[in-house]
2 protein chains.
Amino acid sequence: MTSTESGQRFLEDVAPLIETGIRAVLQAPDPHSEGLYDAMRYATFSGGKRLRPLLVLAGARAVGGSVAAALPGAVAIELIHTYSLIHDDLPAMDNDDFRRGRPTLHRAKGEAMAILAGDGLLTLAFEVLAQATAAGVPPERVVQAVAVLSRAAGPQGMVAGQAADIDGDAPFTMEQLQYLHGKKTAALFEAAASLGPILCAADPDAVDLLAQFGRSFGLGYQIVDDLEDQDKDAGRMSYPVLAGVAGAVENARRYFDQASAIALRFPQGDALAVLADMVRSRLDSPVH
Amino acid sequence: MTSTESGQRFLEDVAPLIETGIRAVLQAPDPHSEGLYDAMRYATFSGGKRLRPLLVLAGARAVGGSVAAALPGAVAIELIHTYSLIHDDLPAMDNDDFRRGRPTLHRAKGEAMAILAGDGLLTLAFEVLAQATAAGVPPERVVQAVAVLSRAAGPQGMVAGQAADIDGDAPFTMEQLQYLHGKKTAALFEAAASLGPILCAADPDAVDLLAQFGRSFGLGYQIVDDLEDQDKDAGRMSYPVLAGVAGAVENARRYFDQASAIALRFPQGDALAVLADMVRSRLDSPVH
């Protein structure tokens, strides 16, 4: 079995664990809250690729850690990613009626419920993470995971990126764009790649290195996303608007090269490398 | 000095520490995010009484714990309370234009910024709490604090209450009302009263007892709030609509009696008792 095959096998093996883990925390504890939990499930089970939770578990594998220890981090980060999409779609934000071919949550269940479901998912993420001690994770590592995830998702990370994005019409500079991409997207990928190693009690050097993997991965990912959304958001702050399509592709490749080089430094970095190649390959699609 | 005087003295002494603690975590880390942090500060410094953070610190005092250990919990819970007010005021929710005599955040800074500022404050609360290890709190107690706060604020607590509230027009039953009050208000007060003891590494019995204090306090508080808002929300699910004004007052008094009785069991429960008396005294105001 090649390294790519073993990495793919791992990702296929853990994918159902992620689904089960997410479903387990989205069961209403009482009939009164069924509507709220239904809304949270609607948004969370909508055909997403679970890229961030897969990175968490692939990161745990890279350091020889257990999937069970990292799973709370995988579930938590997907809840946070989902909340961010719900709030991002709201009328006052991007005002999107559809996501992945289905009505967005506020179109399906009303705007108030969409706001609350987002708030609920964000808060639940930290409850899930706190439960990692039950999987044998040392408390100091759980605290570190809470610190890393909250910092990446909060006003020093993703929320700052969203706030910059709502003012994000051209003209803009490369410095502003890098800030936007770093905060809006790369911060959460950085957290994703480091949460597994943190929860598996890996040594700090490995955690730092995998955070760098996540950062490069995330910056590459956002350029791919910008390239694929070019027609949709004409004039909006995006990489190809500033650097041209060829420049954007070249820079994305460089980010994925950096990520892959880091993955290769880990004997079991195969699953991380597969994920990086998976997103990178979207650069070769006929769209550009 | 009477017990009431010493309790009041304590609350006066710690009040500026709460303000300083909140202000310290609401400084923008870079110029790009100044607008976001400005929005978060606008909502957080708006004349609130800091009742929840005062309960955190009064709870710490009750168990002989240090203010420094509990302060991250006090700051975190006020950030969460503030986020809940911001999102609650949004047009899709209560659609309030004013709060404490000033324009609500979405009126002042726009709806998108209000959504993001709320998200930012909620996420930041967990980052602040995770930093309690720097104040010498054992990691396992920080994990417990994260678990308690997230559960109280999330879809099993406050968010469930908000979701029940958006469907909360009459007719309704006492069972539905108790659910609403328990989730929307009492859950966070319960967390407030137990966070101090948790962070100060108090024994589990004291933590449980002070959680009960917070629950009784919170249920009493919500009845007082309902009584004061009677004219504003006619027909909406509220205690006086169901139990009459006299019945509501009587029940609120019973809750505060329960809370005060618990406070008296702690040699340094004076500040908790003062806070309970403070809210209870609003029942004697000429409004009802």
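This is a predicted model: local features need pLDDT of at least 70, side-chain atom pairs count only at pLDDT 80 or more; totals for chains, interfaces and linings use all residues.
Let us begin with helix α10, residues 204–228, and helix α11, residues 239–264, both of chain A: they pack at an angle of about 150°, with their axes 8 Å apart. That angle makes α10(A) roughly antiparallel to α11(A), because angles over 145 degrees count as roughly antiparallel. The crossing of α10(A) past α11(A) is left-handed.

For the model, the scores are ipTM 0.97 and pTM 0.97.

Helix α1, residues 3–25, and helix α12, residues 270–280, have axes that come within 8 Å and cross at roughly 90°. This makes α1(A) roughly perpendicular to α12(A), since angles of 65 to 115 degrees are given that description. On the α1(A) side, the residues in contact include A:Ser3, A:Thr4, A:Gln8, A:Phe10 and A:Leu11. They meet A:Asp270, A:Ala271, A:Ala273 and A:Val274 of α12(A). By class, this contact holds five nonpolar residues, five polar and one charged.

I now turn to the two chains together. In general, two copies of a chain are related by a rotation about an axis and a shift along it. Here, a rotation of 180° with 0.0 Å of shift along its axis places chain A on chain B, with an RMSD of 0.0 Å. This is therefore the relation of a two-fold axis. Which C-alpha of chain A is nearest the axis? It is that of A:Pro139, 2.7 Å from the axis. Both copies use the same surface, as 100% of the contact residues of chain A recur in chain B.

How many residues does the contact take from each chain? There are 44 residues from chain A and 44 residues from chain B. On the side of chain A that touches chain B, the elements giving two or more residues are α2 (34–44), α6 (111–130), α7 and α8 (158–166). The largest share, 13 residues, is supplied by α6(A). In terms of class, this side of chain A has 28 nonpolar, eleven polar and five charged residues.

The crossing of α7(A) past α6(B) is left-handed. From α7(A), A:Val143, A:Val146, A:Ala147, A:Ser150, A:Arg151 and A:Ala153 take part. Their partners in α6(B) are B:Thr123, B:Phe126, B:Glu127 and B:Ala130. By class, this contact between the chains consists of six nonpolar, two polar and two charged residues.

Notes. Residues are numbered from 1 along each chain as its sequence is written. Chains are lettered from A and ligands numbered from 1 in the order in which they are written. A crossing is left-handed if the near helix is turned anticlockwise from the far one by less than a right angle, and right-handed if clockwise. Helices (H or I, at least four residues) and strands (E, at least two) are DSSP runs, numbered from the N terminus. Two residues are in contact if their C-beta atoms, placed from the backbone, lie within 7 Å. Ala, Val, Leu, Ile, Met, Phe, Trp, Tyr, Cys and Pro count as nonpolar, Asp, Glu, Lys and Arg as charged, and the others, Gly among them, as polar. Copies are superposed by least squares on the C-alpha atoms of residues with pLDDT of at least 70 in both. Axes are lines fitted to C-alpha atoms, for helices over the stretch in contact, and angles run from 0 to 180 degrees between N-to-C directions. Angles under 35 degrees count as roughly parallel, over 145 as roughly antiparallel, 65 to 115 as roughly perpendicular and the rest as oblique.
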